[in-house]
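Here are my notes on the model, as numbered points. Have the viewer open while you go through them.

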Amino acid sequence: MAILIDGKATSFAMKEELKVKIEAFEKENGFAPGLSVIIVGDDPASAVYVRNKENACAAVGIKSTTYRLPGDTAEEELLALIRRLNADVSVHGILVQLPLPKQICEETVLATISPNKDVDAFHAQNVGHIMIGNYHFLPCTPAGVMALLDRYDISVEGKHCVVIGRSNIVGKPQAMLLLEKNGTVTICHSRTKNLADITRQADILVAAVGRANFVTADMVKEGATVIDVGINRLPDGTLCGDVAFNEVEKKAYAITPVPGGVGPMTVTMLLYNTLTAAKESLK
Ligand code: NAD
């Protein structure tokens, strides 16, 4: 039986620690870190994510404000709101919930958020900082994966780390963070040939594909650590990851479940980034 890497318990513990840090910050500086969240349209999944972020902010003492804009909002209107928040000193973090409606260019929106307030770390300037290993913010999901490895004393150094997925949000930054910790990193993607031959070499396997039960036991080395970033909904409505948990768990040294693995860590890292942004605003 593999060690279950419990993201829910870890994120709870990290939020308790953060609450203490935020209390101390507020006492010293006379204001709480502030996060502005913008949601455009009424995508039900996005609405749930935003509500989770609001609740998590309230639980740790971050002052959050949510701007709910209609689905037909013009790009310029959204950009004007971001510019206003960029200039507002009581706002330390700005997050635009993705995806955005078709009439709005995601790239333009992300480029308009001040890099100092970019708590998702999606701005090209922050992505560049990650490449050179000199950063304030890390993208929340890969940072959450690194925090789980750290809290479970799973060393990356010298390990073969295989990341399946090369998105800008998960796969690519994940690979950079594993490399920074001295892992030997291979990135696999939809055009990779003989995928299972590569994943079977992984000491640490991170799946960020978006396909239910994609990673099966025959793709995993005995004793590997398996991190499942995927969030997929089955036809019956249940959530599952990219990893066929029941069969892989029998072979792995440690494994994250879905739900209750990487997912809860993502919001927690956003909260940490918001405190970092508030601290940076004082410099
Ligand atoms: P994406 O669709 O942008 O990227 C998927 C990646 O999988 C691509 O790079 C693609 O090359 C690769 N891929 C697709 N088919 C493949 C195949 N047959 N073989 C090998 N690689 C293949 O998705 P994303 O935004 O990176 O998200 C990935 C998953 O992680 C999704 O399920 C998403 O819901 C989930 N996610 C979870 C969190 C979290 O908080 N836990 C955060 C972000 C994304």
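1. Start with the ligand. There are 21 residues around it, and Arg166, Ser167, Ser190, Ile231 and Thr266 come nearest; a residue counts as near a molecule if one of its heavy atoms lies within 4 Å of it. By class, this shell has 9 nonpolar, 10 polar and 2 charged residues. The classes put Ala, Val, Leu, Ile, Met, Phe, Trp, Tyr, Cys and Pro under nonpolar, Asp, Glu, Lys and Arg under charged, and the others, Gly among them, under polar. Helix 10 supplies the largest share of the shell, 3 residues. Helices here are DSSP runs (H or I, at least four residues), strands likewise (E, at least two), and both are numbered from the N terminus.

2. Before you go further, a word on provenance. This is a predicted model, in which local features need pLDDT of at least 70 and side-chain atom pairs count only at pLDDT 80 or more, while totals for chains, interfaces and linings use all residues. Residues are numbered from 1 along each chain as its sequence is written, and side-chain values use heavy atoms, with hydrogens and water left out.

3. Which atoms make the polar contacts to the ligand (pairs of N or O atoms within 3.5 Å)? Thr266 uses a polar side-chain atom, which lies 2.7 Å from a ligand oxygen. With Arg166 it is a backbone N or O atom, 2.8 Å from an oxygen atom of the ligand, and with Ser190 again a backbone N or O atom, at 3.0 Å from a ligand oxygen. On its own the ligand has 860 Å² of accessible area, and the protein covers 71% of that (Shrake-Rupley method, 1.4 Å probe).

4. Now the largest pocket, with a volume of about 1,500 Å³. The search uses a 1 Å grid over the protein atoms alone: a pocket is an open set of points with protein on both sides within 12 Å along at least five of seven lines, a cavity is a set where a 1.4 Å probe fits but cannot get out, and lining residues have an atom within 4 Å of a point. Points are joined across faces, edges and corners, and a volume is the space filled by probe spheres set on them. This pocket has 47 lining residues, with Tyr49, Thr141, Ile231, Gly263 and Thr266 nearest its centre. Helix 1 (7-29), helix 2 (44-60), strand 4 (93-96), helix 6 (140-151) and helix 10 (262-281) are the elements that give two or more residues to the lining. Helix 2 has the largest share, with 8 residues. The lining divides into 26 nonpolar, 12 polar and 9 charged residues.

5. The second largest pocket holds about 440 Å³ of space. Its lining has 22 residues, and Ala143, Met146, Ala147, Asp150 and Lys181 are the closest to its centre. Helix 6, helix 7 (171-180) and helix 10 each give two or more residues to that lining, with helix 6 giving the most, 6 residues.

6. What about cavities? Strand 4 gives the most, with 3 residues. The lining has 6 nonpolar, no polar and 2 charged residues.

7. On to the sheet: it is open, has 6 strands in the order 1-11-8-7-5-6, and its pairing is parallel (two strands pair if DSSP finds at least two bridges between them). Strand 1 (3-4) and strand 6 (184-188) are at the edges with a single partner strand each, so one side of each has no neighbour in the sheet. Strand 5 (residues 160-164) runs parallel to strand 6 and is joined to it by 5 bridges; Ile164 has Cys188 of strand 6 as its bridge partner.

8. Finally, some backbone geometry to check. Most residues other than glycine have a negative phi, and most peptide bonds are trans. The bond joining Leu98 and Pro99 is cis, with omega about 5°, and Pro99 lies in the loop between strand 4 and helix 4 (106-112). Val258 to Pro259 is also a cis peptide bond, with omega near 0°; Pro259 sits in the loop between strand 11 (254-255) and helix 10. Asp153 is not a glycine, yet has a positive phi of about 55°, and is found in the loop between helix 6 and strand 5.

Notes. Polar contact = N/O pair within 3.5 Å; in protein donor to acceptor, adjacent residues only side chain to side chain.
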